[in-house]
Each structure stands twice: as structure tokens, then as C-alpha cells.
Amino acid sequence: MSRRTTPLDSDIQKKIDHEIRMRDGACKLLAACSQKDQALEAAKSLQTCSTRIMAYMSELQRMKEAQVMQKVTRRSSDAGPMEDRLPCKGKVAISDLRIPLMWKDTEYFKNKGELHRCAVFCLLQLGGEIFDTDMVIVDRTLTDICFDNTIVFNEASPGFELRVELYSCCSEDDYSAGSTPRKLASKLSSSLGRSAGKKLRAAMEPGPCSPISNGGAAPLLLPVPSVPGPKYHLLAHTTLSLLHVQDSFRTHDLTISGNEECSYWLPLYGSMCCRLAAQPHCMTQQMMSGCLKVKQLGGDHQSWTKVYSVLKGTSLFCYHQPEDVEANVEPAFTIAINKETRIRASEKDPHSKVQNICISNQYGGEEVTHTLTTDSREDTHRWMEAFWQHFYDMSQWKQCCDDLMKIELPSPRKPAPVTPKQGSLYHEMVIESSDDLSSTVSDILTRRMQELELRSQLGTSPTWMSVFEESNPQSAGRPRPCTSRLSGHSPCTPHRLPRSPV
């Protein structure tokens with residue numbers, strides 16, 4: 001009997017396959033690296049890929065267990081009614097991550113002792129989403145480890161657990177040793193001959209990191225083999241939850257691993273500062289929308305106003321027409337919907353034979369009730385269900401639904417600007433937009449020479465001519481002949497600067 005695979009299972013399996021390929025590439029890159037910075041970045045990628053693979057596999061296992069339990073529950077004859085109401089998802093963002101350091105006085109203030117330098121980065125995991133920060137080089141000149149990344153998790157539930165792990169690696173080791181076996185094999189192969197040398201090189205080549213074959217079936221995921229190069233170690237970690245969410249900078253305790261004898265050790269203060277914010281979907285998305293009739297306050301049973309209402313956040317926005325929502329027009333009026341709001345379905349209206357929806361709020365110690373009605377009983381039921389779900393979401397997300405917290409999305413990284421080469425008059429010449437690109441270089445230079453002659457008549461000179469002028473202030477602003485200051489050289493012949501004695 002073949003096992004049926006759901007689309008979600010297939011998506012997770014694709015993620016696992018992708019991370020395995022990324023891990024293979026990181027292993028090969030790490031084995032080939034000879035530069036310290038490259039090796040540290042490759043080791044960081046290897047650690048990140050391995051963590052993602054394990055997280056995806058755990059998530060796939062949990063999904064399979066949930067499917068089995070669901071089948072068992074459906075087959076059970078004595079199973080009672082199950083609560084199918086689930087809270088909405090939301091965004092969780094962590095930013096301004098700071099980890100203070102506690103150096104000894106002799107190390108920081110007196111700058112004594114061996115300079116200990118480590119490369120560190122953070123892994124942040126929430127469910128199946130795993131992100132890493134930039135790598136930071138830390139030594140005793142720093143008082144805090146600062147990560148400027150803003151990391152956003154898009155599919156968080158109110159019961160989320162955000163695990164923050166700090167990894168460290170001593171950056172003072174010689175990572176070029178990873179290429180030593182290859183160099184040795186290359187020298188031996190040239191001395192032993194082509195045939196014997198080829199066998200020796202194959203034997204000394206580092207093993208692949210990809211999973212081994214399993215007879216044509218799914219690959220077996222084995223632990224990452226040992227690869228020459230730097231190794232990151234877990235230095236500290238903590239777990240954040242909904243209780244830690246606050247729309248401000250806050251300090252959290254860290255659990256420290258290792259001790260001073262470890263090469264990757266850093267004197268952590270034992271705490272971490274960051275801003276942890278959350279935006280439930282019920283605060284940012286339309287949870288319900290449609291046409292309603294609102295009874296005017298103090299009016300009779302005929303005083304109804306037809307509006308288009310949108311339930312979002314802590315308000316029921318009432319517009320004159322649906323087009324006003326897309327046009328960002330201010331609503332005609334707003335009815336508060338928060339944790340203190342009371343909603344009930346009243347008795348059937350004797351005129352319309354439809355139940356009304358009464359929304360009551362406290363304004364300055366006085367209770368104000370708005371009465372709503374719909375065109376059918378089914379619409380009334382849908383609106384009441386939307387209100388109950390909205391209240392349930394607010395009760396689960398707690399303080400995140402008091403006010404909408406601000407999340408600044410990370411801006412895409414811009415490529416570093418290319419700095420033009422300096423020190424040559426060729427690079428100082430700017431071809432203006434007025435120059436016809438179809439013209440020859442000789443034509444452009446001819447126009448430049450005419451401009452130079454005109455400037456000399458007016459007593460002004462281009463800025464780049466100052467390198468040929470004497471430092472005499474009387475000659476400032478007047479172009480001078482291009483003469484050489486080195487004796488023994490003709491002003492019209494090129495020359496080389498004398499080399500300084502070694």
C-alpha cells in the first residue's frame with residue numbers, strides 16, 4: 001500500500017533537498033578555502049544549512065504524527081467534540097540585537113594580554129523558519145556584540161518559541177592547514193609518477209558531504225563529516241515567547257555554554273538586549289467585510305444608515321461605499337472592537353424578522369450601544385462568528401492586540417558603490433552629456449584644448465591643472481607649462497620616479 005504524500009510534505013521535502021545541496025557546496029568550499037575570511041563564512045553557511053535540515057526533518061516528523069493522530073481520532077467511536085477554533089497567525093520581528101561583554105580590566109582598559117579574537121553570529125529559529133545574522137569579528141576593543149539585522153518570521157502562532165543561539169569560533173587559528181593534504185598529495189604525485197600519484201590524490205581527497213545512496217530510495221541523511229577548517233560552537237542561547245513581546249527595547253537572560261578554557265570563549269555578561277515585536281493578522285488584515293445597516297443613536301426603528309463595514313484591528317470601520325476602502329478614504333465613523341467590548345444578538349426585530357447585533361462600549365463612564373442588522377439570517381450568523389473569532393484571537397495574542405506594534409521591514413542590501421581609480425588624469429576627465437558619443441576622441445580632446453585656451457585667457461584653470469603648478473601663491477589660478485621637476489629629464493619625455501632603497 002503506497003503512502004500518500006500531501007503537498008505540504010512535498011514542499012518540506014523540497015526544502016530539505018535544497019539545504020542538502022547547499023550543505024554540499026559549503027563543505028566543498030570550506031575544504032578548498034585558504035583565506036581566513038572565506039573559511040569563516042563557509043563554516044557559517046555549513047552550520048546554518050545543517051540546522052535547517054534538522055529543523056525541517058523535525059517539522060516533517062511532527063506533521064506525520066499529527067496526520068496519524070487525526071486518523072485515529074476520526075476512527076474512534078467514543079471521541080467527543082473537538083474544538084476547531086484556532087487563533088490567527090502573525091508576524092514576529094526581532095531587531096537591535098545587542099549582547100554585552102564583560103572584559104577584565106587588564107584586557108580592556110590597560111590593553112594587556114593576548115589579543116583574543118572570535119567570529120560570532122546568531123541563528124534564530126521559530127518553527128520551521130531559520131535565519132542567520134551577519135558574522136561579526138569580536139575582540140577586546142568591543143564592549144557589545146551588535147547585530148543590525150531585522151529578522152521577521154511571517155507564520156508565527158501565539159504559542160511561538162523563538163530560539164536565539166549565539167555561535168562562536170576562534171579566528172586566530174591557521175585555517176590554511178585545510179589545504180595541506182592537497183599540497184602534499186600534489187607534490188607526491190609528481191614525484192611518484194602519473195599512475196601512482198593519481199591513486200594517492202584520490203585517496204587523500206576529502207570525502208563528499210552528500211548523503212550516501214540507499215539503493216535508489218530516498219537518501220540517508222548522515223551527520224556532516226569532518227571537514228578541515230574552522231568550527232563554530234554554541235556559546236549561548238535563550239528562548240523568547242509571547243510573554244517577552246514588548247514594543248520597546250528589553251533585556252533577556254542568556255544561558256551560557258562552555259568556559260574560559262574553550263578557544264571560542266567570550267566573556268559574556270549573561271544577558272541579551274533586543275526589541276521583540278509582533279503583529280497578529282487580526283490587527284493588520286481584514287477579518288470580515290460586508291454591508292450592514294446601523295441604527296442611528298437615539299433614532300426610531302426607521303432611522304437606519306447603510307454602510308460598508310470592515311472588521312480590522314481594534315475597530316469596525318464603516319464606509320459609505322466599498323470603493324472608499326481601496327481609495328483610502330476616511331471612514332464615515334468607527335466602532336471600537338476591543339477586549340472590553342460586549343457583543344450580543346438581540347431578539348428578532350418585529351419589522352424585519354432578523355436578529356440585530358448590539359455592540360456596547362464604555363466611553364467616559366457611559367455605555368454606548370450601536371445596533372447593527374443584516375439582510376439575512378445567514379449574514380448575521382457570519383458576522384457573529386467573525387466577532388467571536390476576533391475576540392478569540394485577541395485573547396490569545398494578549399498585549400499584541402492592545403495597539404499595533406511597528407515592524408520595520410529590512411531594506412534590501414544595496415551593492416557597494418564602485419570607487420573610481422584615482423591618481424590618473426585620464427580618470428579625472430569627464431565626458432559630459434553634451435559630448436556626442438559618435439564623435440572621435442580627437443574631436444573631444446580638441447574641444448577640451450579650446451576650452452583650456454579660453455580659460456588661460458580669462459585667467460582661470462581647471463582643478464586638475466593644480467598638480468602641474470608651483471606652490472607659489474602668485475601663480476595661483478594661472479596655468480603653467482608642463483615641465484618636469486626632476487633633473488636630467490626632458491619635460492617632453494616620460495620618466496620614472498626613482499625607487500627608494502630597500
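**Cores, strands and a helix in a predicted model**

Cysteine 33 is buried, its relative accessible area being 4%. Cysteine 358 also counts as buried, at 6% relative accessibility. Both assignments follow because a residue is termed buried when its relative accessible area is under 20%. The structure, which is a predicted model, holds 0 disulfides.

The wider setting of these residues may be described next. The protein has 502 residues, of which buried residues make up 34%. Its secondary structure consists of 10 helices and 18 strands. When contacts between residues at least 6 apart in sequence are considered, 64% join residues at least 24 apart.

In soluble globular proteins, nonpolar side chains tend to be buried together. In this model, the largest nonpolar core has 48 residues. Ile94, Leu162 and Leu266 are the residues with the most contacts inside that core. Leaving aside residues up to four places away in sequence, leucine 162 touches Ile94, Leu124, Gln125, Leu126, Phe153, Thr238, Thr239, Leu240 and Leu276. A second, separate core contains 20 residues, and Cys33 belongs to it, as do Leu30, Ala42 and Val227.

The strands around β18 form another part of the picture. Strand β18 spans residues 366-373 and runs antiparallel to strand β12, residues 288-295, to which 2 bridges join it. Across this pairing, valine 294 stands opposite leucine 372 in β18. Strand β18 also pairs with strand β17, residues 355-363, in the antiparallel sense over 7 bridges. Here isoleucine 359 is the residue opposite histidine 370 of β18. The hairpin of β17 and β18 has 2 residues between the strands, and glycine 364 takes a positive phi near 60° in it.

Helix α8 covers residues 377-397 and has 21 residues. From its first C-alpha to its last, α8 reaches 31 Å, close to the 30 Å expected at 1.5 Å a residue. Which residues of α8 are buried? They are Thr380, Trp383, Met384, Ala386, Phe387, His390, Phe391, Asp393, Met394 and Trp397. After α8 comes lysine 398, whose phi is positive, near 55°.

Conventions:
Residues numbered from 1 in each chain as written. Predicted model: local features only at pLDDT ≥ 70, side-chain atom pairs only at ≥ 80, totals over all residues. Heavy atoms only, no water. Helix = DSSP H or I, 4+ residues; strand = E, 2+ residues; numbered from the N terminus. Expected span 1.5 Å × (residues − 1). Buried < 20%, exposed > 50% of the residue type's maximum accessible area, 1.4 Å probe, protein only. Pairing = 2+ DSSP bridges. Contact = heavy atoms within 4.5 Å. Core = buried A, V, L, I, M, F, W, Y, C linked by side-chain atoms within 4.5 Å. Disulfide = S-S within 2.5 Å.
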